[in-house]
Amino acid sequence: MSIKKPLKLVLLLFFNIFLGYSQSAELTVFTIPAELKENANAVVRNSSIEITIDDFDKMVIYEKKIVTVLNKLGNADAGIYQHYDDDTKITELSALIYDAFGNEIKKFKERDFLDVSAVDGGTLYSDSRVKYIEYTPVSYPYTLVLESEYKTSTTGFIPTWYPINGYYVSVEKSSYTLNNPKSIPWRKKETHFEGFNIDKTETDSELKYLIKNQKAYDYEDNTISSRDILPVVKVALDKFYLKGVYGEATNWQEFGQWMHKSLLEGRDVIDEATKIKILDLVKEAKSPVEKAKIVYEFMQNKTRYISVQVGIGGWEPIAANQVDQVGYGDCKGLTNYTKALLDVVGVTSYYTVVYASEKRNLDKDFASLQGNHVILNIPNEGKDIWLECTSQTMPFGFLGDFTDDRDVLVVTPEGGIIKRTAIYKDETNLQTTLGKIKLTPKGNVIASLNRVSKGLQYDDKSYLDTFTDEELIKNYKSRTWSYNNNLEINEHRLKNDKENIVFTEDLEVSIANYASVNDTEYLFRVNIFNTENEVPKRYRDRNLPLKISTGYKDVDEYEIHLPDTYKLNYTPENKEIVTKFGTYKINFKIIDEQTISYKKEIIIKEGVYPKEDYKDYRSFRRSIAKSENLRIALIKK
């Protein structure tokens, strides 16, 4: 029996409403489980990456991401963009925006995306580009659906799976699929899977991962990077293609061999005129280190840094003779140029790949294209010398916190070697301050200070000698001693001793109305020029480890001259606190009726400590802050 036409229309209308409702139900905010909203700025509703490796030089990546942004801070997890370059062809790109109820409010096709260079104005040339949408939300929450597909001949970079993209992000569903129909040999590394409910399927030609209903991690102060606790899957082909260059490696030794042969060999030629000049400069040098210092200074004076992202996807340095001619280069070009100059004078050095800025190791157990910066290694009888070749001011053999204390890849003709860069540990990072301080009857301070900094504390201040007088004074008043109102810098003398890597400041300083003065009492805070008042945030239930990123030592010694009309009728109490995190000592001495000495020593030890130690660390810091604000009361004679 046939259905009558009006009934068909009713059923069709109902079916369309049902489909619309189903889509809205999937995208509406109200279906997100309450526990996934807790501590979350954004919720990944569904993220899928599907990679198909058709050959060692043919790869297709399809991605779909559905993210609900709960507040302004979650916008960072809903970027609307796709990177590409000369070896990459985008075949699909679209974005849809939905409101809280699952109603579509904005639609973007590929032609709507802006197409710009993916690097900043400091880059001379790069083929890296990005298509993106600048979307300004009209309200929160909203949901983004982003789909993209691209094809590339570069298989040196297989997308990594980060199922949880940092703190404050929860995940309803995230999947990763790698199809390898030709069973090209691959390697993988799974990290931080413990405690996460991850499903995995693996065959010779397919790899699948799936995670569901993962709550957001709440960030806690003084803790480790999310990279150190959240799951990651890295994949690399044993045979790969990088911007037209074939590669084959299964370990760092082979990978270093490939880099040397494919990226560096033949790019170390120096013009004869420069050879003659550099050989003449080092003719009086008595050791390889002395030669290296002369070459490093020559390079710093001759060149400047500019990003040049060309040559095998930005991995191949521009040739040494080209840097010599134009006088500029990026980290790769300048490092390769310095190495070539050292070759001329007979000093062995090695091109070295590193993760710069954030302290991050190359994964020494998984050889692949890693790192974002290049420095130079000079072997020196077991005491490696490291050179930062992009800086015109960095002392010879000093790295600072940009690349210190991390695993790096040293590229030699025989292959790659994993080494550790220079370590600046705890008391190595020393600041000493000697001061003569005069307190006037009206409560003013007149002080002469000598401050000497070494290690990473040198790194913190070495740039000060590049400031104008106005910039320097502003820095002291608004940054260094911002807690001292009415502070004036009357004289300043700076010395940047690059030979010994020591920075010295001699300052004449005054502070008006520093002390509180009344008819009977004169009250002042004894620690005038190096207070440490920070008390870590209190957590009722700490969940993450404690991390002290940088250790240091400060020693402050002040000779304080009291106003002639006042006296101190007691000796302030000395104090000493000793903990696993460091020590804190203050010591007072009465020199004469009008003079006291104050000495403070604080040592903080770098390290990662169990979460259970956080309470004790906070207590340690709180005790320090209390002592740092100690006030001394003088009485009238």
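1. Strands, like helices, are runs assigned by DSSP and numbered from the N terminus; a strand (E) has at least two residues, and a helix (H or I) at least four. Thr421 is found in the loop between strands β24 (415-420) and β25 (430-439).

2. This is a predicted model, in which local features need pLDDT of at least 70 and side-chain atom pairs count only at pLDDT 80 or more, while totals for chains, interfaces and linings use all residues. Residues are numbered from 1 along each chain as its sequence is written, and side-chain values use heavy atoms, with hydrogens and water left out.

3. Thr421 is buried, at 2% relative accessibility; buried means under 20% relative accessible area, exposed over 50%, and partly exposed in between (1.4 Å probe, protein chains only). Beyond the residues up to four places away in sequence, Thr421 touches several others, including Trp386, Asp404 and Arg406; contact means heavy atoms within 4.5 Å.

4. Thr68 lies in strand β2 (residues 58-69) and is buried, with a relative accessible area of 0%. Apart from neighbours within four places in sequence, its contacts include Val29, Arg45 and Tyr142.

5. Strand β8 (residues 129-132) joins β3 in the antiparallel sense over 4 bridges, and Tyr84 stands opposite Arg129 in β8.

Definitions and conventions: Two strands pair if DSSP finds at least two bridges between them.
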